[in-house]
Amino acid sequence: MQSLTNLERMMKAISRQEPDTIPTFEIDIDERIMEAIKPGLSYEDFCEYMDLDAVCYHETRTDQYEVVDEAKKLVRDQWGAIKQYTGVSLSIPVTREVAIKSKKDLDTYTIPDPDRPGRFKRQEEAVKRFKGKKAIIATVRPFATIKDSLRGQDDLFKDMIRDPDMVDRLSQIVSDYYLRYTKNLIDVGVDIVMETADWAFTHGPMVAPKHTARFIIPGLKEIAQYCHSRGIPCLKHTDGNLWAIFDLIVETGVDGVHPIDPLAGMDLGEAKAKYGDKVCLMGNVDCGNLLSWGSKEEVREAVKDCIRKAGKGGGYICMSSNSIHGAVNPENYVEMVRAIREYGKYPLSLS
Amino acid sequence: MFDFAELVNSVVEGDVSRAAELTRKALDTQISAKEILDNGLLPAMDRIGNSFEGGEIFLPELLMAGDAMKASIELLRPELAKKGASYAGRYAIGTVQGDLHDIGKNIVILMLEGNGWDVVDLGTDVSPEQFCDVIKKSDFDILGLSALLTFTMPMMAETINNLKEAGLRNKVKVMIGGAPVTPSFADQIGADAYARDAVEAVALAKSLLNK
């Protein structure tokens, strides 16, 4: 097959066709790992250096924060939450205090402006550099915004039982915001939108399927429908064991599901058999233990295993089971990409 | 005659005010805190734990039940404190340095408290030195270390090493848990036990006390 551009390769895989070779990219790559592999490169330079098929722009990384306390590294996000930069991630701050502590806070709440000038600078630059070559992905996270910035996970989960109206009002706020935000992303020239809120953990879904269906699914469905109305694919990321809510996710109309988390007991072969005709599957190379502490040989074997399970017929993007975080062995990440390129060529040679 | 089944149900259903009301009623009728714990909260937490493990209930139901349980425990606390021996044991727990995830840790705390443990939550992003300091200053039977991120797991080893260096390792049993943690990792770093989930954590904590 004639060699495709990175963008064409991604789009073929997402539409569940066989590209020339199985694509690869990461939803996040820690600066320390990029620096260890090739010092001095920007994120964009690094994606080119590694010949990754997509660049991915996290909303939390492209967001602007107001400094609250420089010494303590405290900032306020646009939703009003106080966050702190810690050693956990050098570029994404973690929540210390949410914005909506009571219904009264909600009554007087002012929604941030998704049209704020300069909001999409990095995505605009990516469009100038990569449009038509690499897939440009931007993330959105309506449910995570309620959970992490507006209400806090414990209160949000309890509200689902004790005050569903509160959750409905919060959902409406983020829904209004994210539809306008998504429109802006697509207007700027982004190729793919990815919703990245975690809905599950190792054990299973965070909330009951009935609560997932009522409070979480509508936001994703709305975004997926809007993306499709603009001719753009929409992908879904969530860690954890998804079996109990996989049908619900697929029914939203999303085009791909990431990362089929092996540490949560998600088997890629089973996902391919059950959902491979409906969505593109993405991920499954264990970044928890394998990419951190495994040998290069084990990494190659894991990539081969993933390709065997999900590569046939297309509809698979081979990548890590979450992201290339700070503990990943840089050599193992390089080996993973090398193995994907070696064994991922169609027609597949692996039995 | 006090109806313990009613108290159990109020906790399982996450009915905070009803659980508190029934606990007060039980105390008023001279039922001891230990009896309320054993016949009310313990069976309730067993049911909640099993339902959670079995995928019948999820975090919202678990958190609501936790609130109901805490409302009851708060009322029992003065009497339990008077009779320290009523506690199953003392447990200090925290998420290791560099890691801010706390869902798993909080579920373990909930289950331990419901099973009669005196639990001190050290929070998230706790350094090896902070863990050591807590063990040095106070008597705990078990120290629980939680991690969700692969790259914070080495902090578990470092905490155990710090305990050794400070001569505190034999003072406390160490249990570890979290999504990327494995039994072999527990062996490798010299932890006393690895718990797969909160229900197992409670069972293991009990068995460690008897060792």
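How many Å separate the centres of domain 1 of chain B and domain 2 of chain B? Taken over C-alpha atoms, the two centres are 24 Å apart. I note at the outset that this is a predicted model.

Entry on the domains of chain B. I looked up the assignment and found domain 1 at 1-86 and domain 2 at 87-211. In the contact between them, domain 1 of chain B takes part with 14 residues and domain 2 of chain B with eleven residues. On the domain 1 side, I find that α3 (33-53) and α4 (59-82) of chain B each supply at least two residues, and that α3(B) gives the most, with seven residues.

Entry on confidence. For chain B I read an average pLDDT of 89, with 98% of the residues scoring at least 70; for the model, I noted an ipTM of 0.89 and a pTM of 0.87.

Entry on the sheet of chain A. I traced an open sheet of seven strands with parallel pairing, in the order β1-β6-β7-β10-β11-β12-β13. The edges are held by β1 (54-57) and β13 (316-317) of chain A, each with a single partner strand, so one side of each has no neighbour in the sheet. Further in, I followed β7 (residues 192-195) of chain A, which runs parallel to β10 (residues 234-237) of chain A and is joined to it by three bridges; here Met194(A) stands opposite Leu235(A). Helix α1 (residues 6-14) of chain A packs on this sheet, where I list its contacts as β1, β6 (135-140), β11 (256-258), β12 (280-282) and β13 of chain A, and its direction makes about 55° with that of β6(A).

Technical notes
Residues are numbered from 1 along each chain as its sequence is written. Chains are lettered from A and ligands numbered from 1 in the order in which they are written. This is a predicted model: local features need pLDDT of at least 70, side-chain atom pairs count only at pLDDT 80 or more; totals for chains, interfaces and linings use all residues. pLDDT is the predictor's confidence in each residue, from 0 to 100. Domain bounds come from an automatic or database domain assignment. Two residues are in contact if their C-beta atoms, placed from the backbone, lie within 7 Å. Helices (H or I, at least four residues) and strands (E, at least two) are DSSP runs, numbered from the N terminus. Two strands pair if DSSP finds at least two bridges between them. Axes are lines fitted to C-alpha atoms, for helices over the stretch in contact, and angles run from 0 to 180 degrees between N-to-C directions.
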